[in-house]
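Me: Could you walk me through this structure, taking the ligand site and then the strands around it?

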Amino acid sequence: MDFATTDHNQIELECTNCHTRIALNKKVTGCPNCGENMLEARYDLSGINVQTWLAETKQRKHDLWRYREVLPIFNSANIISMGEGGTPLLKSQALAASLGLKNLYIKDERQGPTGSFKDRQATVAISALKEMGVNEVVVASTGNVAIAYAAYAARAGIKVWAFFPSLTPGDKMREAALYGAEVIKITGTYDQTKELAARFAKSKGIFLDRGIKSVAAIEAMKTIAYEIAEQLGDDLEGGERWRTPDWFLQGVSGGMGPIGVGKGFQEMMNFGLVDKMPAFGLIQSAGCAPMVEAFNRGQSIATPIENPQTIIATLATGNPGRAYELLYEYVQQYGGHFTSATDEEAFTATLIAARTEGISVEPATAVTFAGLIRMVREKVILPDDVVVVNCSGHTMSVEKHILGDQWQHSVELTEQHVAPTLPEEGLLSALQQVESNVRRIVIIEDNQDAARLIKRILQARGNYDIHLAADGAQGVQLVREVRPDMVITDLMMPDVDGFAVIETMKGDPTIKDIPIVVVTAKELTVKERARLSGQIEMLLQKGSFIDEEFIESLVNKLH
Ligand SMILES: *Cc1c(COP(=O)(O)O)cnc(C)c1O
Ligand SMILES: [Zn+2]
């Protein structure tokens, strides 16, 4: 049998509940017998000799299609690939030593084409869409899935409608938009966002990505297991055989990663490639930990968290549904532990990972490292255990607040040294396109550079009457005197801060209706956002200043 050209003739789906089997096709969304919507792919591998297969795969490229006999694409001509998967399994030195672990490995999923392990899901899902002839897809995401889908879809010529909850950092939404996705931001939780995306897809008759319930997602994630087993075998068994770690750790939101990894090890057990299943260390963000809470109560069904209290958007699935039941069963059967880490612990772990291992991770991944540290301290993980951490995603500019403001040494240049930059020219031309209309504006901002920048941007239109105040108290007084058409205020100011300015204005009937735009460098907590909601016109992040989007939204508010 020539494996290199092996394409599947038939792939079956098996119900995770009643084990009914049906043929894989696009229309299947649930079990025809019991209605269960999580179905698993089953391949006909009867013609395959495992030893020959192993030898054959060794000759192939190090991407996840190395294991294509167990992936749900019928014809390999439909594969959309950017070299995803085949990520390094790094052996930890310093962090392992500081934790007293002999065999700590980091599966470096940051090295995917868009910087997270969602690239695996994207290559399989988008290839499957191509195979099915689907040319438009709706996806709900906290960031990484949509970014990865948008990139792969761009290559496949498929249009993506990406729905994000408002907690998703703007930089991530922008990244998806860059690849050409339609970005829809929903002011609500991730669970509500999924709901809305589904309704949108239904009303427009567009294909809806089913996330964890889609066969492609689970099949894609299981390739992490195949790679770990092969790589650990190389490292610990001299390449003689494949090897299961004692632990697989991951920061968990919907649970797609570990469910896929569990399926991968299960299949390898069936093929006789490995001889045991790993225990799972599943770590959630303390502000959104429905799985951990259910586990601690000994319950097999999780109670949904209605209002996640974490700034780690990637891990903000409040209702894990069936995924938790499956993971709970897994842990009962093969061992494991659910634990949580606070946002603060995660940020500390970010620094630890960066400074001991030289790897910069996103907060969802930092949670995993925080969980690792906790499980070692609590002696859940023992010194001799072979541990693999899913290093699921790379840092993005979202993480700027982790280091506070002290991370850089800045060198000030006077204005004449600074060449005019292109983005600013872009914004000026955008401004010029807007109809002129004189308006009075008060800017309350203690940072003089920022104030000047906003003023300059607005003055480029040449017709605003701009008043500056350097602190909150002066600002409120100025607003009372000037009665502007709009107030632009910073949040973080000494003494009377932006929150106080807003409260004072809202309490004064003569100025309470003046629209307020908040400009801040601060990543707001959920509580702070709640405090502002309904009170202000718009929230803008500093740093996204010099871009057209900023100007456009500001100018639109003024007309
Ligand atoms: C999606 C994601 C997770 C959570 O994955 P699940 O297995 O779906 O719970 C963790 N880290 C990163 C970087 C992610 O993108
Ligand atoms: Zn069924």
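This is a predicted model: local features need pLDDT of at least 70, side-chain atom pairs count only at pLDDT 80 or more; totals for chains, interfaces and linings use all residues.

Me: Glad to start with the ligand. How many residues surround ligand 1, and how do they divide into nonpolar, polar and charged?

Reply: The closest residues in the shell include Lys118, Asn144 and Ser253, together with Gly255 and Gly257. In total, 18 residues surround ligand 1. By class they divide into six nonpolar, 10 polar and two charged.

Me: Which element supplies the largest share of that shell?

Reply: Two elements, β10 (247–251) and α8 (256–271), each supply at least two residues of the shell around ligand 1. The largest share is three residues, and the element they come from is α8.

Me: What percentage of the area of ligand 1 does the protein bury?

Reply: Start from the ligand with the protein taken away: alone, ligand 1 exposes 390 Å². Of that area, the protein buries 96%.

Me: Back to Ser392: is this residue buried or exposed?

Reply: Ser392 is found in the loop between β13 and α13 (422–433). Its side chain has a polar contact of 2.7 Å with the side chain of Thr365. The relative accessible area of Ser392 is 7%, and the cut-off for burial is under 20%, so Ser392 is buried.

Me: Why is strand β13 described as largely enclosed by the rest of the structure?

Reply: Look at both faces of the strand. Val386, Val388 and Asn390 point one way from β13, while Val387, Val389 and Cys391 point the other way, and all are buried. β13 (residues 386–391) is largely enclosed because the count of buried residues is six of six.

Me: And which residue of β13 is the bridge partner of Trp247?

Reply: β13 pairs in the parallel sense with strand β5 (residues 103–108) over six bridges, and there Ile106 stands opposite Val389. β13 also pairs in the parallel sense with β10, over three bridges. In that pairing, the partner of Trp247 is Val387.

Me: Now for the open sheet of four strands: which are its edge strands?

Reply: The order of this sheet is β8-β7-β6-β9, with parallel pairing. An edge strand pairs on one side only, and here that holds for β8 and β9 (207–208).

Me: Which residue of β9 stands opposite Val137?

Reply: Strand β6 (residues 136–140) and β9 pair in the parallel sense. Two bridges make up this pairing. Opposite Val137 stands Phe207.

Me: Last one: what is the handedness of the crossover from β7 to β8?

Reply: Strands β7 (residues 159–165) and β8 (residues 182–186) run parallel and are joined by five bridges. One of the paired residues is Trp161, whose bridge partner in β8 is Glu182. Between the two strands the chain passes through helix α5 (residues 170–178), and this β-α-β crossover is right-handed.

Note on methods: Residues are numbered from 1 along each chain as its sequence is written. Chains are lettered from A and ligands numbered from 1 in the order in which they are written. Side-chain values use heavy atoms; hydrogens and water are left out. A residue is near a molecule or strand if one of its heavy atoms lies within 4 Å of it. Accessible areas come from the Shrake-Rupley method with a 1.4 Å probe; for residues, only the protein chains shown count as cover. Ala, Val, Leu, Ile, Met, Phe, Trp, Tyr, Cys and Pro count as nonpolar, Asp, Glu, Lys and Arg as charged, and the others, Gly among them, as polar. Two strands pair if DSSP finds at least two bridges between them. A crossover is right-handed if, with the strands pointing away from the viewer, the path from the first strand over the helix to the second runs clockwise. Buried means under 20% relative accessible area, exposed over 50%, partly exposed in between (1.4 Å probe, protein chains only). A polar contact is a pair of N or O atoms within 3.5 Å; within protein, one must be able to donate a hydrogen and the other to accept it, and residues adjacent in sequence count only if both atoms are side-chain atoms.
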